[in-house]
Amino acid sequence: MQAVEEITAAMGFRYFALVHHVDLLTPGSTIVRLVSYPRDWVDAFEEGRLYAADPIHRASHTTTVGFAWSKVATLITLNPRDHAVLAAARTAGLGDGFTIPAHIPGEANGSCSFAMRTGEELEDAQLPLVQLVGSFAFEAARKIARSGIAPIPPAPQLTDRQTECVALVARGKTDWEIARILGVGVETVTQHLKDARDRYGVTKRTMLAIRALFDGAISFTDILRR
């Protein structure tokens, strides 16, 4: 904690937050949660259970590079509640900030954020350095949080054809449509998907796609590509 505070001050920031985007009221042993934000804002954030709805957290899920909070509207569409959350943060003493996303397949999303006080401005010239520091800081905190516990079991391994089928399921294709796209029989597609569900221990196609996406077997690019 002290090391992060010293680094934060050295870069010209007032506050920091290294967190997984999960319910902080019931944290697990491997959850990263190091926060120096104003106490009023931390209390309001946790009581409002904003870990998933917070606009900065949501924006970080759309990118892999750091971004200034003042640019959040370029990443997501802000609704009235988002504007209210950002206004409340400013009232609590948080000014502009810079957030570095942390996306690791098979784990909850997280981020490292550094913030100014209300009324202070970011120094754009140093943001590339802040990006590097934030990425390193979150990884170091993650390793400390995981030290002394059993390693995460490896994700199920799908065959290339199973992966293709799951990606097409995630795009909303039926077994018949997948068979036409891949040039195989419908029964073959059905079997590939059954085998994939068995490997993940799920029974629903939707859950199969979600698990494969979460574990990194497929990506948003596989789903959204035309």
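Arg211 is partly exposed, because its relative accessibility is 28%, between the limits of 20% and 50%. The model that shows this is predicted. Arg211 forms a salt bridge with Asp215, and their closest N and O atoms are 3.6 Å apart. Both residues belong to helix α9 (residues 205-215), where they are 4 residues apart, about one turn of the helix.

**Other salt bridges within helices**
- The whole structure holds 9 salt bridges.
- One of them joins the side chains of Arg161 and Glu164, at 2.7 Å from N to O.
- Arg161 and Glu164 are about one helical turn apart because 3 residues separate their positions in helix α6 (residues 160-170).
- Arg161 counts as partly exposed at 30% relative accessibility, and Glu164 counts as partly exposed at 37%.
- Arg39 and Asp43 also meet through their side chains in a salt bridge, at 3.0 Å from N to O.
- Helix α2 (residues 39-47) contains both Arg39 and Asp43, 4 residues apart, about one turn of the helix.
- Asp43 has 29% relative accessibility and counts as partly exposed.

**Overall fold and extent**
- The protein has 10 helices and 5 strands.
- Along the principal axes, its C-alpha atoms fill a box of roughly 65 × 40 × 35 Å.
- Among contacts with a separation of 6 or more, 60% link residues 24 or more positions apart.

**Surface and charge**
- Of the 226 residues, 42% are buried.
- The protein has 24 positive and 25 negative charges, whose mean positions are 7 Å apart.

Notes: Residues numbered from 1 in each chain as written. Predicted model: local features only at pLDDT ≥ 70, side-chain atom pairs only at ≥ 80, totals over all residues. Heavy atoms only, no water. Helix = DSSP H or I, 4+ residues; strand = E, 2+ residues; numbered from the N terminus. Buried < 20%, exposed > 50% of the residue type's maximum accessible area, 1.4 Å probe, protein only. Contact = heavy atoms within 4.5 Å. Lys, Arg positive; Asp, Glu negative; His and termini not counted. Charge placed at Lys NZ, Arg CZ, Asp CG, Glu CD. Salt bridge = Lys/Arg side-chain N within 4 Å of Asp/Glu carboxyl O.
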